[in-house]
Amino acid sequence: MAAQVVLVDGVATFELLAPAEAQDVLLRVTAGGNSAQGVVSFVPDVRDMLAVGLLEGIINLRDKKPGLISPTRNGDGFEQEIRRWERSFNGGKASGAGRAAFFLKGKIKGDALLTAAYDSDKETRARLLRDIRPEEFYPVYGDSSIRGFDARSAERVYLRIDRDRSYLLYGDFQTGDAVSSHSGTLGEGAPRARSLGTYNRTVTGFNWHPESERVRGNVFAFRDSLRQVVEELPSQGSGPYGLRNNAVLEGSERVEVIARDRNQPSRILSVRPLLRFADYTFEPFSGRVLLTQFLPAFDAELNPVSLRITYEVDQGSEQAWVYGGDAQMTLLSWLEVGGSFVKDENPFAGFEMGSVNASVKMGAHTHLVGEWAQATSEINTNPVNQTFGNLAGRSGNVTGDAWRLEFDHAGEVFDARLYAGRSDPEFNNPSSPLYGGRAEYSANLGWQASERVRLYAEGLRSEDRNPQGGHRTAAGAGARLQASERLSFDLGLRSLNETVGATSSFAGASPFSDRNGGLGSVATGAAGGALGFGQQPLDPLTGLPIISNGLAGNSASNLPIGTRLSSDTVHLGAAWRLTEKLGLSGQVETSVNGEDRDRFALGSDYRLRERQRLYARYEQETGLSSPLGITTTGRKANTFVFGTEQTYLRDTSVYGEYRLRDAISGRDIQAASGVRTGWDIAEGVRISTGAEHVNVISGNTGDATAVFFGIDYSANPLWRGSTRVELRRSGDVAGTAADERFDTALWQMTVARKLDRDWTLLGRNYLLLTDYAARGDVLQNRFQVGLAYRENDRNRVNALLRYEYKLESDESGLALGGIPPLPGDSPLGNDLRVRAHIVSAHSDWHPSRPWWLTGRIAGKWQHDRFVTPGLTTVDSNFRGLLLSGRAVYDITEHWDVGVLGSVFTGDEGARQYAYGAEIGRLLRQNLWLSVGYNWSGFDGDSDLNGYEYTQQGAFLRIRFKFDENLFASDPYATAE
């Protein structure tokens with residue numbers, strides 16, 4: 001996050017809000033051109049014990065004919081049915097069930113913090129790292145409460161014990177650097193200590209994190225049937241981004257923005273993790289990843305940018321153990337060593353990896369890091385462990401090594417950055433920033449010769465160590481002259497040599513490369529989603545799911561393998577700062593030896609505020625793939641990028657906590673908004689805009705153009721509104737028979753309004769249109785409006801209302817397995833069309849102390865049309881309306897009585913009724929016994945019933961609620 005404070009006599013004071021868990025936080029303070037930073041170590045808040053929980057049991061007696069076995073069904077009483085501890089008896093005519101749930105958090109043994117949770121009826125393996133989903137239930141609740149999960153676990157139990165910076169955990173966690181914020185302790189300027197040996201998984205299991213002043217580490221173990229998949233997707237703006245696999249376990253995804261070196265794209269320059277519901281959400285139809293900000297194809301320096309998504313897929317086999325650990329130890333004030341080990345005993349995709357590293361602090365701004373890693377993996381022996389890219393032709397167990405050395409010195413007169421990394425083709429760690437089968441060497445040196453002259457030298461060597469691999473060598477030197485305070489020049493020479501290989505990672509990721517646009521509908525299965533929509537395809541011979549993993553290589557060139565290219569060039573650049581905020585720059589480069597190769601570049605920067613700028617870049621290349629790379633003579637490429645850049649702390653999220661007064665929390669408004677970055681043009685008015693054009697020089701992609709515009713309004717404390725429009729065009733892929741062109745339009749709109757002290761409204765719309773040149777179009781639209789009534793003065797009446805309209809029209813033929821689209825005048829119409837209207841309202845009224853009245857009305861109208869592969873239409877219609885009400889009267893402090901009535905109207909006038917009664921007795925504090933009977937019941941629609949239950953039968957239920965007072969010697973001494 002970022003905050004601005006006022007300096008008084010050079011002094012400012014601000015408060016830090018501690019994170020929920022113990023961790024290191026990088027804090028940077030900037031004033032004018034000066035900045036200072038440091039690490040703040042937070043320890044857990046050791047609070048007094050908080051305990052909440054319940055014990056519940058129920059016995060159901062049914063009016064069923066003799067001999068029929070009818071198990072307990074969801075919705076048997078007035079409350080949610082117990083499912084976990086359940087037994088039938090009396091020939092199936094009766095059943096009993098029990099439930100226990102509790103949450104504990106507080107200090108134990110003086111300075112340790114215990115967090116524990118258990119729910120016997122919890123749905124397991126539904127999702128990892130649980131959080132509140134804004135799409136669930138009602139769009140708006142009319143209050144500004146902040147909701148979240150403290151004990152996240154995909155299992156029924158969660159346990160965590162913290163002491164200072166160490167903890168022991170059973171629950172959901174992420175391995176790798178997410179466990180501990182920093183993998184090195186020798187300074188923030190030091191290169192990362194562990195890189196090649198990083199192992200990133202999102203799982204449920206045991207994790208022990210010991211940490212002291214000199215040692216920090218992690219030991220983890222879990223047993224599961226999950227298979228990790230890593231996908232790196234070229235930019236498609238805000239998306240949505242479809243995945244290769246359909247049955248993705250929700251919550252296991254780790255979404256990161258990757259920037260790669262334009263000259264050595266196999267090297268990753270930066271990784272920026274994104275936060276769920278703040279930086280990305282899930283597209284409402286198929287659960288694909290949808291970013292809340294535009295993702296450019298290139299950054300401000302024209303380095304290629306992509307989206308990397310790591311997630312888990314259940315392979316449906318027996319569970320296997322995965323265990324490992326890592327540690328970093330400071331031996332001396334200037335020396336740190338570390339290592340890691342992991343073993344995955346997956347019977348279909350075994351994996352084992354070990355690594356060691358050492359870091360040397362040679363000065364305040366001088367660091368040297370070395371690392372070695374070895375990985376053994378089983379590949380391409382069954383449908384689960386299929387691997388693309390350079391290992392596609394290999395099968396069985398492969399073992400490969402990798403090493404790297406990094407030196408970094410940042411001085412006032414001299415600076416140097418040296419890198420050397422080498423990996424075997426068999427090194428197969430998808431979490432490593434260095435590909436398998438690569439050798440990368442680079443050097444960047446700078447020397448401030450005088451106040452006005454700075455000399456520099458650069459060199460690189462990139463090798464593809466796979467069969468028929470190519471290589472690249474480049475070297476250059478130059479000088480920068482500060483002619484005046486506002487004008488500077490740059491003059492230099494470069495020598496480039498390249499040998500064409502079979503595949504290449506030299507060409508950066510280009511947007512919109514998916515020929516289907518990555519935009520298939522939920523019915524087509526053309527793009528998997530992180531909500532687990534769709535079924536994973538199975539191999540008919542083994543019965544195992546076919547899981548796609550790995551990154552595919554690009555075609556290196558249209559020249560024969562082994563062709564040698566060389567060129568010597570000279571370049572001249574100039575930079576002119578027109579004002580304190582606006583600067584212009586340009587550069588020309590042309591060959592002086594070898595065949596003609598030219599480059600022309602223009603740039604502009606405008607500083608909006610201290611840590612934010614607008615930038616524009618245009619570059620045209622002939623025979624060049626980058627400043628240090630060459631390609632076929634005569635090939636041209638054009639790149640144009642316009643956008644905004646914030647230079648806040650890396651790996652953090654600028655998180656808006658704006659709230660609609662007494663109505664919506666900052667987090668909910670952020671998730672609903674869709675505008676995340678931009679600049680303020682007026683008080684409470686923020687816009688975001690950008691554009692880019694990419695003319696692809698190589699690879700199986702087409703040209704791409706994208707523009708976007710967003711505006712966010714919050715000037716009025718009772719209003720919040722935002723809208724965003726993105727238009728994207730992807731061109732045809734050269735050399736293919738098919739026409740891959742497609743255009744997409746994405747529009748999002750959100751309006752939140754505090755109507756008065758009691759009423760709150762929120763409306764939003766999502767529209768995505770994909771226009772294919774060679775097939776039919778795909779249209780998706782979702783409109784929601786929510787209305788909340790909260791009686792602030794007396795709090796006797798509360799009401800929630802929701803209306804939703806869904807439309808999905810797919811004429812692409814993808815739903816028919818690739819059958820071409822039907823003629824526009826065909827009587828069959830679209831191959832997929834879904835329309836649905838859903839409305840629901842829920843209210844409760846507390847007219848006096850003994851009376852509690854609740855009511856619900858819900859309706860659903862849906863029409864679906866499908867075309868089967870036999871080109872016949874299938875129409876499906878559904879109409880339903882549910883009315884229900886419930887009244888509870890407290891006869892005395894110890895007795896209450898309640899009645900329930902519901903009517904459900906379905907298609908063709910069919911009606912079903914449910915009604916019953918219940919009487920309850922308070923046996924002692926928080927211990928309640930209830931007896932009830934539903935004389936009539938029916939099976940309702942899950943979209944309409946909500947938490948009203950309509951099954952027929954008698955029941956006996958006992959409930960007990962408890963808190964931390966239960967553990968006191970006199971638990972009710974202070975109870976009122």
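The following legends describe an overview and close-up views of a predicted model.

Residues are numbered from 1 along each chain as its sequence is written, and side-chain values use heavy atoms, with hydrogens and water left out. In this predicted model, local features need pLDDT of at least 70 and side-chain atom pairs count only at pLDDT 80 or more, whereas totals for chains, interfaces and linings use all residues.

**Figure 1. Overview of the chain, with two helices and 52 strands.** Helices (H or I, at least four residues) and strands (E, at least two) are DSSP runs, numbered from the N terminus. Of the 976 residues, 48% are buried, that is, under 20% relative accessible area, with exposed meaning over 50% and partly exposed in between (1.4 Å probe, protein chains only).

**Figure 2. The open four-stranded sheet β11-β16-β12-β13, with antiparallel pairing.** Two strands pair if DSSP finds at least two bridges between them.

**Figure 3. Pairing of β11 with β16 (residues 305-314).** These antiparallel strands are joined by nine bridges. Leu233 lies opposite Leu307 of β16.

Figure 4. Phe414 is partly exposed, with a relative accessible area of 37%. Setting aside residues up to four places away in sequence, Phe414 touches His409, Leu445, Gly446 and Trp447, where contact means heavy atoms within 4.5 Å. A separation of 6.4 Å lies between the C-alpha atoms of Phe414 and Gln448, which are 34 residues apart along the chain.
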